[in-house]
Every structure is written in C-alpha cells, then in structure tokens.
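Colleague: Could you take me through this model before I set anything up? I'll ask as we go.

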Amino acid sequence: MKGKIIVAGGGHGGIAAASILAGEGYDVTVYERHTQEQMGYDWTDIFDKNGFTVAGMELPPREKYNLKNDMTFIGPSERIKLRQNTDPEKLEIQMERKDIYAHLISQAQKNGAKFVFGCNVEGPVMLGNRVAGIRTETETIYADLVIDAAGLHSPIRENLPAYLGVQNQVGEYERFFIYRAFYNKAAETEEDRFKVYLLREGKLGICWVAAEEEHTDILIGRFAPFDLDEVQRTVDSLRESNPAIGTEKIRGGQFVEIPVRQSLGLLVADGYAAIGDSAFMTVPIIGSGIANSLKAARLLADAVLADTEGAYSANTLWKYQRDFYRNIGGPLAPLACVKLLLTRLKPEELDYIFETGILNGDDMTIDAESTSLSAILSNVTPADLVVKARGVIKNPAVLLKILQLGRQIAAVSAVVSSMPRGYDPARAVNWVKNYNNAFKR
Ligand SMILES: Cc1cc2nc3c(=O)[nH]c(=O)nc-3n(C[C@H](O)[C@H](O)[C@H](O)COP(=O)(O)OP(=O)(O)OC[C@H]3O[C@@H](n4cnc5c(N)ncnc54)[C@H](O)[C@@H]3O)c2cc1C
C-alpha cells in the first residue's frame, strides 16, 4: 500500500482526488460530517461535464442530466436584456446535486476509496510545521497527507497556524450570501427561461429566476447577509414581472455561502493540500465551482503520484500549486477583477454599459470551455471593439472604472506569472502577499 491519505470533508474535488488516488493504490479515507443521504443540497447545479472525464470518471447516465438554458442578463433598470448565445456543443449540464454526489461517491468507492460519514472534523493536527492528521469529535487520526475538501468554512484551513501562509478567512466582497428555493410554477414561460438580474433595486448582488419543467428556481445572492423578510419582499417583487413564480415553496429554501474571489493563494503546506471551495476555486463572478474542483483533483493527484518518495511536503506539492495556477487559477484571476468592478459600478453605470454595447450577450456567454476572461473575449470582432470603445470614451466615470479594471488585470496577471518556480517558504509567503494585494478593491 502506498501512503495514507485523509480527505477532510466530502467536497467534490476531494472525492474525485480520493477516487484517482485510491485507484492508484493509496489508502484513502474521506471523513464527511453528513450521512450520504444528507450530502449536497436539494437543488440542481450547472457545470461542465468534462470535469468527470478529467478526473478519470465515467459520465453519469444521460437521463440524469439536462442541458442548461442560455441565461438572459438584465440590467438594474430592467430596460435592457443581454442573452447568452451558447454553442449547443459547449453547453454545460444541469444535474441534481444529490445525483452528482451519488455518482462521485460510487465511482470513488469502486476505486477503493473509503468513506466515514457522520464524522465532524474539528481541525488539523500539527506536528511541528507539518499537518500530520485531523482531529474529529472523537479521535485524532494521523496520515501522510491531508486533502482539505471541507468547503468555504473548512475547519482545517481556518485553524492552520498563520506562519504556514495559507489564508484562513475570506474578506469583504469575497463571498456571496445566497438564498435559493424552488417555487411551484404558476404560469408558463415562453422566452428568457433563465433570467439573471444584476444590481436589481440597487442592491449589490444578483437574483435569478429560472423556469423549469416543474418549478421556478429562485436564487438571491448578495455580498451582505439578509433575512427571510428580505427574501419574501424580493420574491414578491420578482413575481410582478415573472408570473411563473408561484407562492408555494416546494424545494430548497436555505441560506448558504459561495466564495466569489480569487483562488486561495497558497494551496499547499507540508502534509496539506486544499481543493474546491476550501481553496476558493469557483468562477469569481458566478460562483460555479464543481468542474474546477474536479479538474483540480487531477492536478493534485498527479503531484501526489509524482512524489515517489512519499514526502507530501509543500516542496513536492508545489507542482499542484503551479499546475493549478497555470490551468485554472491564473485564467480565473481576471474574472475576480471583473467582480470587483461590479462592486464599484453604480446601477446607472451598469445600465449604460449594457445599453451602449460595451458588454453584449456574447461577452456574457460563459460555456463549458469559456471560464476565463480571455476565452470570453476571444470572439470580440473589430466592429464590436469600435462600439465598446465609443461607449467607454463617452462616459468619463465608466472610462475611469474600466481603466482601473485594465490596470488591475495587468497587475494581477504579472503577479500570477511571477509565482516562484520551486517552493521556498519565505518566497511563497511573499508571493501570496503580493497576489492578495493585487485584488484590493
Ligand atoms: C446555492 C448554490 C448554488 C451553486 N450552484 C452551482 C452551480 O450551478 N454550478 C457549480 O459548478 N457550482 C455551484 N455552486 C458551487 C459549488 O457548490 C461549489 O463550488 C462546489 O461544490 C465545490 O465546493 P466543495 O465541494 O469543495 O465544497 P462544499 O460543497 O462546501 O462541500 C464541502 C463538504 O465538506 C463537508 N464538511 C464541511 N465541514 C465539515 C466538517 N467540519 N467535518 C466533516 N465534513 C465537513 C460538507 O458537509 C460538504 O460535504 C453552488 C453553490 C451554492 C451554495
């Protein structure tokens, strides 16, 4: 048997890494606080199904997923709608969260990964500078490597000693507070079946209204917490222009949080690697993190497999850090700048951006392959560019903010590409400091 690996929390990327590594002969156990039946949420998710293939898994049976509808983005004044225009070949899939988990877990178990459900992980066990295991409610468990897949509020990451340089907490404007529920369908929706409202009623955040076969899916996301009275008020006001939203809540109805920021600066320490929401791997503007987590699992597993001495140190896991930033974290970073821009824009400025074509439906088309700013902008034609430039130049306030965005993206890209080639504790901590500073609002 190769090394002993603990996956703390049954996050998607952690289970995928467990699956690959157990298949390669490692002794891997996932410790998850919920029972398998309780895992995940009572709703559907949209993601790139290639995530499964990259993680070496079979695709789920076709009847387990649908293809996603194009989204229609609606500006604050609700005068202008920008509709995505996704190539049908590149559509993401929509699948029940419980089915995603069932699929991941059965694949991992087939490969020999073990699961301990109903086990609350309380924090890391440190031996000197090394993460040597986990503390649960009932015992201390040692391992050669701890993979942290316990989500945004991971008790492992949050309790790592500061000197390791792994960021413990997220800051302001770095997570979305979300309420999501399915309501009964009170009317049919012919067009714009998936509406996404931006800065609606001047509130910093988004709402979506998605018409499905049997229900209407409502999501309210804000940068600050809100309560059920605010949910009721918002749903009632959305209903005025969306008669499909019934008054009966039939599924979901929870408050949750999603990271919407740059990925975690330092992903590794001696005996430790973070993945998924624990490492903030979501697409910063929209909060999708499933496919990135599954793809990161492949990169993490490759670094572990390459460590034939079984050191699992920050030094040997640095390959994961570099590969992740080259393939996923680096391309996502400019989108974290765009999110920051959205928090700086006044509602009327966003309306202006929509109305003058500075942004159009194609720019808002994030498909299975376009989750980086350069991929999204790669289809901009010279004629589009002229329209965008004219719009920007005519509005000094917007021009200033777009210039600021350009400068910030340039600074962020420079920092990302200056990541040390090899691991050195002082240089790594310094790099993380520069990286996080580049995302100052
Ligand atoms: C409302 C909402 C909608 C979303 N929609 C999408 C979408 O459409 N597409 C998409 O790609 N992504 C979506 N996401 C994001 C997606 O859920 C995450 O990015 C993705 O699941 C990766 O996170 P994770 O699995 O690492 O973490 P989590 O989903 O947070 O999973 C962490 C796991 O660790 C367990 N855990 C936590 N603490 C402990 C502990 N102390 N002890 C033991 N176990 C613990 C949890 O029970 C959980 O099983 C959405 C998120 C939310 C909240």
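Colleague: Which order do the strands have in the open sheet of three strands?

Modeller: The order is E3-E7-E4 with antiparallel pairing, where strands are DSSP runs of at least two residues, helices are H or I runs of at least four, and both are numbered from the N terminus; two strands pair if DSSP finds at least two bridges between them. This is a predicted model, in which local features need pLDDT of at least 70 and side-chain atom pairs count only at pLDDT 80 or more, while totals for chains, interfaces and linings use all residues. Residues are numbered from 1 along each chain as its sequence is written.

Colleague: Which strands stand at the edges?

Modeller: E3 and strand E4 (65-67) do, each with a single partner strand, so one side of each has no neighbour in the sheet. The twist averages 30° from one strand to the next, with axes fitted to C-alpha atoms (for helices over the stretch in contact) and angles running from 0 to 180 degrees between N-to-C directions.

Colleague: How many bridges join E4 to E7?

Modeller: Three, between E4 and strand E7 (residues 93-96), which run antiparallel, and Tyr65 stands opposite Met95 in E7. Helix H3 (residues 97-110) packs on the sheet, touching E3 and E7, and its direction makes about 85° with that of E7; contact requires C-beta atoms, placed from the backbone, within 7 Å.

Colleague: Switching to helices, at what angle do H1 and H6 cross?

Modeller: The axes of H1 (residues 12-23) and H6 (residues 290-306) cross at roughly 35° and come within 8 Å. Among the residues making that contact are His12, Gly13 and Ala16 of H1, and Ile290, Ser293 and Arg298 of H6. By class, the contact of H1 with H6 has 11 nonpolar, three polar and one charged residue, counting Ala, Val, Leu, Ile, Met, Phe, Trp, Tyr, Cys and Pro as nonpolar, Asp, Glu, Lys and Arg as charged, and the others, Gly among them, as polar.

Colleague: And the ligand, how many residues surround it?

Modeller: There are 33 residues around the ligand, the closest being Gly9, Gly11, Gly151, Gly276 and Gly289; a residue is near if its C-beta atom, placed from the backbone, lies within 6 Å. H1, strand E3 (44-47), strand E13 (175-185), strand E17 (245-259) and H6 each give two or more residues to that shell. The shell divides into 13 nonpolar, 15 polar and five charged residues.

Colleague: Which domains does the shell draw on?

Modeller: At least three residues come from each of domain 1 (4-67 + 89-169 + 260-331 + 422-437) and domain 2 (175-259), with bounds from an automatic or database domain assignment.

Definitions and conventions
Two residues are in contact if their C-beta atoms, placed from the backbone, lie within 7 Å.
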